[in-house]
Amino acid sequence: MKLATIGVGNAGSKLIDQMIEFEVETGRNLCRHALIINTARTDLAKPENIPEDRRVLMGDTHRKARGHGVGGDAEIGAEVAKTDIDEIRRVFDDVEIHEVDAVLVAAGLGGGTGSGAAPVVIDEIQKMYDEPVYGLGVLPGKYEGGRPALNAARSLQSFVNKVDNFIAFDNDAWRSRGQTIEQGYEEMNEELATRIVTLLAAGEVDESEVGENAMDSSDIMRTLDTGGVSSIGYASTELAPAKQGLLSKFNDEDQSEDESTDAAKIKGLVRRAVNSRLTVPCEVSSADRALIVFAGPPEAISRKGVESAREWLESAADTVDVLAGDDPRPGSSTLAAVVLLSNVTETPRIDEIQNQAVDAQNKIREQDAVREEEIQSLITDDDNDLDPIV
Amino acid sequence: MKLALVGVGDAGTRIVDRFVSREQATGRSITTGNILVFNTDDRVFEDTRTIPEERRVLLGDTHSAVKRRPDSADVSASAEGKGGDADRVHTGTHADTIDSYGVGGDPDVGATVAEADLPEIRRALDQIDETEVAATMLVAGLGGGTGSGVGSVLLEELNAIYETPVYVLGALPSTTEPDRRALTAARGIRTLVPLADATFLVDNEAWRHGTDSVAARHNNINEAIVTRLLALFGAGERDPEAISEMRVDSADLSRTLEVGGVATIGYATHELDRDDNDLFARLLQLLGLSNDTDDGGVDAATIKRLIRQALESKLTLPCAVTSADRVLLILSGPPDTISRKGFETGRYLLEEETTTVEVLAGDEPVSGATEITATVVLSNVTDIPRIDEIQRQAVSMHSLSTTDDHDTAGGSDSDLGDDEREDEVDPDRVLTDDTAGGEDDGDVDENDGSEVDNTNKHNAADSSVEAFDGETDHSFDFEAERDE
Ligand SMILES: Nc1nc2c(ncn2[C@@H]2O[C@H](COP(=O)(O)OP(=O)(O)OP(=O)(O)O)[C@@H](O)[C@H]2O)c(=O)[nH]1
Ligand SMILES: Nc1nc2c(ncn2[C@@H]2O[C@H](COP(=O)(O)OP(=O)(O)OP(=O)(O)O)[C@@H](O)[C@H]2O)c(=O)[nH]1
Ligand SMILES: Nc1nc2c(ncn2[C@@H]2O[C@H](COP(=O)(O)OP(=O)(O)OP(=O)(O)O)[C@@H](O)[C@H]2O)c(=O)[nH]1
Ligand SMILES: [Mg+2]
Ligand SMILES: [Mg+2]
């Protein structure tokens, strides 16, 4: 697939940056256009793989933002995006949209810029083009607290209502112990970039390499066509060196026995992809459609294995709509399986965030209601005997 | 956050002076020269180290109610002859008594003088470039006739001419001072808090050690104040800046403060023993036990404890932390030491302890720092015993003096009584409206409907919280309501 990508806010920008890093490292070519948009000048300077003229600062004239973020206030995030929409559109005008299959908009839903501005940007993109727009959204962890949860719950609604598919990433599912803040995010972003790029970059192989089993961009898009929220699973295995390795030795000895081991390996890889950490934990059987991409050297992808993996996923995801295909990567030393579970409807983490958000919203409303009164009573003595100076 | 500082009176002048010298010493650029001090008695000006002469403004020079200090007073100042500037300075001008120079402690005279000198004040303010800063802070001792009196007029003026927020930093008098200081402070609070975008308060009483001289006491408090203000406003203003994953930006601070009212600051540090920690971490790694420890050797528990310490530390103004409206946490330290888990659990702890969901948090990586600091701002705290105490002291003082002072006190009192009654009704009405609106918004039918005809969206929709909708302005009505 060929994508135009837009990162909104801090997390969104870092994610797009990381996707580009991964595709360059692995010789893929997914992100044909990349644009990052933020309200904080310093955050905009962080990414390493985005050209200067593809970084848009919005809201720098807004009274509350002034180039220094929106302090987690999603209303202002949305407001500045609306105010500066012409400027955003102008940067997007350069994008040769007919060269891409879809637009991907990434954001962290817990902050103010990503959660508020991304839906506004998506609206604008959809006015301009007919191509599908996918969302890639980071859900805040429980311990980030009520405000991020409220931002996320509200933004998630906007995203899902607008985009053709929303790929969710749950920060809580990906926390591990003993990390610094920097390591934590870096690791998560690498994991997410690996999954999303391996999935979406399939179908961009050289004509000569395309076998009948190759995954096609249109298959991926068809699977994403469901709308709703999606989750991605991933597993990979290092392959022994092609020529003198174990694999080729077995090949010489017994073709059919080797084939069945390979097949078992492939199926095992897919089971692992689904059962290990998904980008957002979900009930696999609640998926509407599913798709598997095998990325690796063509000789390592056993047809039998692919078919049995596909059948296994059909029953696990409880849907007949399961596509499987290859992303042949000759000479690669790893074999990866990436599984897209499209429109999963049972995602406990999203329910939790919504509950946390409702509590937060109630608390915020209570505070708003008594604020002025409490300040008045603080600064006034009991009998109101003291007069102000001016 | 870039900040302009305007000091008023002796306390204000001294704190601004110290702020600038610390700012320079720690390599942060916050005021970038946007400073100004005002006084009605210029003796303290001689003590300043960092404030250029043209930025020290003496008001009321020609006003009849302002008493000029005779030149000889300088000569008689305590340690004048004996030596270095620093020595003379810090004993000479500090006192718990009110002297008769300047406005002699009278805030009404202070306000009158400032009104009369408005042209001069405006001329002086021209030296501040508001476009260079994100906010301005007026600094004053609220018990001062100059601090509270001139300060009130100055604050009105700053509000009128600046588009950016104007904050106040006010010191509250200690119990060792005359009742008249408490009266002025209580009236100062009443005047300044509603005018300011937010008011940081420092309680000189809570920060006083019994045996200290007045000078030592003030200097220690000023040092503590400046340390906290620098941690807060200086976050992210270091050169060169390290890359941060969750940077505190000035919008985080201004959003925390935008609710108005009184703010207080907590602060705690953790000294790093880098060598030991590195060795320890390496050892654990070798033994395959490093999972519990961060690479820099500071574990999650330490960071969480530090955040708790900051919250439980002596706040600039002690208060019930549960009364906080919004909270900001800044963790500053070497980037490889700030444990993610510690940061997250510490932030959550703040939410639990303060019972507000509006907690913003960020880190400020400082390569090579030898300590980690946690700074916590509690914004719009309303349960503050010390303010009640000062008000009581003020009222008893006031009732003694009202006998000589009928007209001002009596007249305004009844006006304010009316205002207050209106205020009491309003919030209740808002409360009912909001609650009703909230219940209507949480439309269960609508939710069921969307489940039926559009199952794929069920997952994302919780109709009790509103979406950000680029097309309809629905969600922004919500904000508008709140702003009004
Ligand atoms: N996975 C991941 N999540 C991140 C990263 N950076 C921030 N987040 C999450 O994103 C949310 C904060 O969003 P940001 O993108 O930092 O905020 P923003 O959209 O720039 O908005 P403001 O900072 O409020 O102006 C929180 O839930 C963070 O946990 C990252 O690098 N990776
Ligand atoms: N006006 C003013 N006085 C200061 C400043 N810094 C320190 N002092 C005072 O100078 C005197 C000597 O400073 P101390 O702080 O006690 O000791 P020091 O280590 O020499 O100085 P510092 O660490 O810079 O305060 C004390 O009375 C301080 O309060 C400043 O920036 N402005
Ligand atoms: N923290 C701190 N408080 C001070 C300092 N100096 C004075 N104060 C406090 O500020 C209050 C006002 O004192 P000054 O600043 O001397 O008064 P002023 O504003 O110059 O006004 P006058 O009453 O006209 O002298 C006092 O009640 C003290 O509580 C100081 O250096 N540090
Ligand atoms: Mg940000
Ligand atoms: Mg004085």
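In this predicted model, an open sheet of 10 strands runs through chain A in the order β3-β2-β1-β4-β5-β6-β7-β10-β8-β9, with mixed pairing. Strands are DSSP runs (E, at least two residues), and helices are DSSP runs too (H or I, at least four residues), numbered from the N terminus. Two strands pair if DSSP finds at least two bridges between them. Strands β3 (55-57) and β9 (322-328) of chain A stand at the edges; each has a single partner strand, so one side of each lacks a neighbour in the sheet. From one strand to the next, the twist averages 20°.

Strands β6 (residues 165-170) and β7 (residues 229-238) of chain A pair in the parallel sense over 2 bridges. I167(A) has S230(A) of β7(A) as its bridge partner. Helix α7 (residues 181-200) of chain A packs on the sheet. Among the strands that α7 touches are β1 (3-8), β5 (133-139) and β10 (334-342) of chain A. The direction of α7 makes about 95° with that of β7(A).

Helices α4 (residues 85-93) and α5 (residues 113-128) of chain A also meet. Their axes come within 11 Å and cross at roughly 50°. Contact (heavy atoms within 4.5 Å) involves residues including F92(A) of α4(A) and I125(A) of α5(A). The contact residues divide into 7 nonpolar, no polar and 3 charged.

Residues are numbered from 1 along each chain as its sequence is written. Local features need pLDDT of at least 70, and side-chain atom pairs count only at pLDDT 80 or more.

Definitions and conventions: Chains lettered and ligands numbered in written order. Heavy atoms only, no water. Axes fitted to C-alpha atoms, helices over the stretch in contact; angles between N-to-C directions. Nonpolar A, V, L, I, M, F, W, Y, C, P; charged D, E, K, R; others polar.
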